[in-house]
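Notebook open, model loaded. I want to go through the side-chain contacts one kind at a time and jot down what turns up.

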Amino acid sequence: MRYLFLLLILASSVDSLASHIASAEIRYEYTGIGNKYRFYLTAIKSCEPNNAALVIGYPVTFRSGNTTFNRDLYLWHGPDTIANYCPGFSSSCSQPASIYPGFEKRIYSDTVTLNPNTWTIMWKLCCRPASIVNLTTPD
């Protein structure tokens, strides 16, 4: 009986109603000290209802040849609301039922030491908001 219950749990699926990131970018700047670089991850999410929250830190992968490591970039600035409408108009950030979209921006950062080489910097997060309508499958 226990195995049947476990099988039913594993076979069932649950739909998530959360959306995720609308836009993101990674940039870096040389600190002027040795091989140290300051990395910035800017993440922008929609303020739509049932949207996923941005977290405190995100792992970024650094890869060069046979060397790969992850570094968490932590919240450095934000959240900031991006919703510049005329007075009297509210975005979905301040009024969830609003027809005018609003967005929240957060910037994550950390300093990373990289040896002189060619590096690939990657960050991955599933899914895009359901409000993206110019893609046939936004996920």
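Before placing anything, a reminder to myself: strands here are DSSP runs of at least two residues, numbered from the N terminus. I also note that this is a predicted model.

Entry: I looked up Tyr-85 and found it in the loop between β4 (67–82) and β5 (103–113). Tyr-85 is partly exposed because its relative accessibility is 34%, and partly exposed covers the range between under 20% (buried) and over 50% (exposed). Tyr-85 belongs to a nonpolar surface patch with Phe-89, Ile-99 and Tyr-100. Together the four have about 420 Å² of accessible area.

**Entry: the disulfide.** Which cysteines are joined? I get Cys-47 and Cys-93, with the sulfurs 2.0 Å apart, and the count for the structure is 1 disulfide. The S-S torsion comes out at about 70°, so I put this one down as right-handed. The link spans distant parts of the chain: Cys-47 is in the loop between β2 (36–46) and β3 (57–64), while Cys-93 is in the loop between β4 and β5, 46 residues apart. I then checked the cover on each end. Cys-47 is buried at 13% relative accessibility, whereas Cys-93 is partly exposed at 26%. While on cysteines, I looked at Cys-86 too: it has a relative accessible area of 52%, so it goes down as exposed.

**Entry: salt bridges.** How many does the structure hold? I have 3 on my list.

- Arg-27 pairs with Glu-29, with the closest N and O atoms 3.6 Å apart. Arg-27 is partly exposed at 35%, and so is Glu-29 at 37%.
- Arg-71 meets Asp-110 at 3.4 Å, N to O. Arg-71 sits in strand β4 and Asp-110 in strand β5, so this pair ties together parts that are 39 residues apart in sequence. Both ends get the partly exposed label, Arg-71 at 28% and Asp-110 at 22%.
- Arg-106 and Glu-104 meet at 2.9 Å, N to O. Buried or exposed, these two? I find both Arg-106 and Glu-104 buried.

The charged end of Arg-27 sits over the ring of Tyr-40, 4.1 Å from the ring centre. I'm writing that next to its bridge to Glu-29.

**Entry: aromatics.** Searching the whole structure gave me 10 aromatic pairs. I picked out Tyr-58 and Trp-123 from these: the ring centres are 5.4 Å apart and the planes make an angle of 80°, so I call the pair edge-to-face, given that the label needs planes over 60 degrees apart.

Terms used:
Residues are numbered from 1 along each chain as its sequence is written. Side-chain values use heavy atoms; hydrogens and water are left out. Patches are made of residues with over 30% relative accessible area and no salt bridge: like charges are joined within 9 Å, nonpolar side chains (Val, Leu, Ile, Met, Phe, Trp, Tyr) within 5 Å. Accessible areas come from the Shrake-Rupley method with a 1.4 Å probe; for residues, only the protein chains shown count as cover. A salt bridge is a side-chain nitrogen of Lys or Arg within 4 Å of a carboxyl oxygen of Asp or Glu. Helices (H or I, at least four residues) and strands (E, at least two) are DSSP runs, numbered from the N terminus. Buried means under 20% relative accessible area, exposed over 50%, partly exposed in between (1.4 Å probe, protein chains only). A disulfide is a pair of cysteine sulfur atoms within 2.5 Å. Rings of Phe, Tyr and Trp (its six-membered ring) pair if their centres lie within 6.5 Å; planes under 30 degrees apart count as stacked, over 60 as edge-to-face and the rest as tilted. A charge sits over a ring if NZ of Lys or CZ of Arg is within 6 Å of the ring centre and within 35 degrees of the ring normal.
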